[in-house]
Amino acid sequence: MRLSLREVGRRLGHAPGTVARLLDQLGFSLRVNVKRFTGPPHPDRDQQFRYLRRQRKAFLRAGDPVLSVDTKKKELIGRFKNPGRTWRRAPHQVNVHDFIQDAACRAVPYGIYDLTHRRGHVHVGTSTETPQFAVDALRHWWHRTGRRWYAGARRLLIEADAGGSNGCRPRLWKRALQQWADTEGLTLTVAHYPAGASKWNPVEHRLFGPISINWAGEPLSSLDQMLGLIRGTRTQTGLKVTASCTHKRYPPHVRVSRQEFAQLNIRHHPTCPNWNYTIGPRAP
């Protein structure tokens, strides 16, 4: 039978404070669970990391854009508690419960981090997170910033997680990329991080981390406030962030037939072909 420390202290005749002091002297303290184990690594994990690094170096050396992308945690817009603390004379008054029906909307922030310029862009949607939404965010970045910063560039490298809206499996993700490639005449290379390795994706710690620190403790009471906090994110390493918003509706569960998928101009790389592929523009 396992006894709690409090029960052990009671049986030994020690007060709770005495037990706490003894535990402190032995190096114990109250701790929470730490998420660390991701399960057995994929057998191709190291090979994919080496290949991804080679791809990144080649694109950067050629002056072509390298983008790290992902969807940040969805946020309820309204008077809801946001973890963290701020210097204030009085605390923010927020709702007791985080009920979605009390929210003005649920924001879906899609982040794009430019490894060359150390700049970030967050495209915030108010509909469903879908592959089409993810590619529309990339299109928006390209029209707004990318083609100006990378004048003459005809190819991009996109680093993405293996799952989610920009995962390696959804056909809609690849079809939307094909449509973008056809429209702009771009050649799009995608390199996915192995499952369970998303924390190594630069967008996580170079863009999402600073944004979370900047708005810590601030309720996201409106979309305008959320966008303002994103745009106000700065770091000592020179990070600057832009933001945009769309209210376009994205239907979920859109299917791409095998016949339509077979018409995509997609070339899988010899190394880890499920994770590495290039989509080029199709002939008119």
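Start by selecting Cys-272, which sits in the loop between β8 (266-268) and β9 (276-279); helices here are DSSP runs of H or I with at least four residues, strands are runs of E with at least two, and both are numbered from the N terminus. Check the backbone while you are there: phi of Cys-272 is near 45 degrees, a positive value in a residue other than glycine. Is Cys-272 buried or exposed? Its relative accessibility is 10%, so Cys-272 counts as buried. The cut-offs are under 20% relative accessible area for buried, over 50% for exposed and partly exposed in between, with a 1.4 Å probe and protein chains only.

A word on what is loaded: this is a predicted model, where local features need pLDDT of at least 70, side-chain atom pairs count only at pLDDT 80 or more, and totals for chains, interfaces and linings use all residues. Residues are numbered from 1 along each chain as its sequence is written, and side-chain values use heavy atoms, with hydrogens and water left out.

**Arg-118**

Next, pick Arg-118, in the loop between β3 and β4 (119-125). Arg-118 has a positive phi too, about 55 degrees, although it is not a glycine. At 46% relative accessibility, Arg-118 counts as partly exposed. Which residues does Arg-118 touch, not counting those up to four places away in sequence? Show Tyr-113, Thr-237, Gly-238, Leu-239 and Lys-240; a contact means heavy atoms within 4.5 Å.

**Aromatic rings**

Colour the aromatics. How many aromatic pairs does a search of the whole structure find? There are 5, where rings of Phe, Tyr and Trp (its six-membered ring) pair if their centres lie within 6.5 Å, and planes under 30 degrees apart count as stacked, over 60 as edge-to-face and the rest as tilted. Zoom to Tyr-110 and Phe-133: the ring centres are 6.2 Å apart and the planes are at 80 degrees, so the pair is edge-to-face. This pair links distant parts of the chain, with Tyr-110 in strand β3 (residues 105-114) and Phe-133 in helix α4 (residues 131-149), 23 residues apart. Tyr-110 is buried at a relative accessible area of 0%, and Phe-133 counts as buried at 1% relative accessibility.

Slide on to Trp-141 and Trp-142, whose ring centres are 6.2 Å apart with planes at 45 degrees, so that pair is tilted. Trp-141 and Trp-142 are both buried. Then bring up Tyr-250, which ring pairs link with Tyr-110 and Phe-133 into a cluster.

**Charges over rings**

Select Arg-155 together with Phe-59: the charged end of the arginine sits over the ring, 3.9 Å from its centre. The test is NZ of Lys or CZ of Arg within 6 Å of the ring centre and within 35 degrees of the ring normal. Arg-171 does likewise with Phe-261, lying over the face at 5.5 Å from the ring centre.

**Two helices**

Switch to cartoon for α4 and helix α5 (residues 171-184), whose axes come within 8 Å and cross at roughly 30 degrees. The axes are lines fitted to C-alpha atoms over the stretch in contact, and angles run from 0 to 180 degrees between N-to-C directions. The two helices are therefore roughly parallel to each other (under 35 degrees; over 145 is roughly antiparallel, 65 to 115 roughly perpendicular and the rest oblique). To see the contact, show side chains including Leu-138, Trp-142 and His-143 of α4 and Trp-173, Leu-177 and Trp-180 of α5.

**Ala-195**

Now go to Ala-195, in the loop between β6 (187-192) and α6 (202-214). At 60% relative accessibility, Ala-195 counts as exposed. Leaving aside neighbours within four places in sequence, Ala-195 is in contact with Ala-162 and Trp-275.

**Zoom out**

Finish with the whole chain, which has 8 helices and 9 strands. Its C-alpha trace spans about 85 × 45 × 40 Å along the principal axes. Buried residues make up 43% of the 284 residues.
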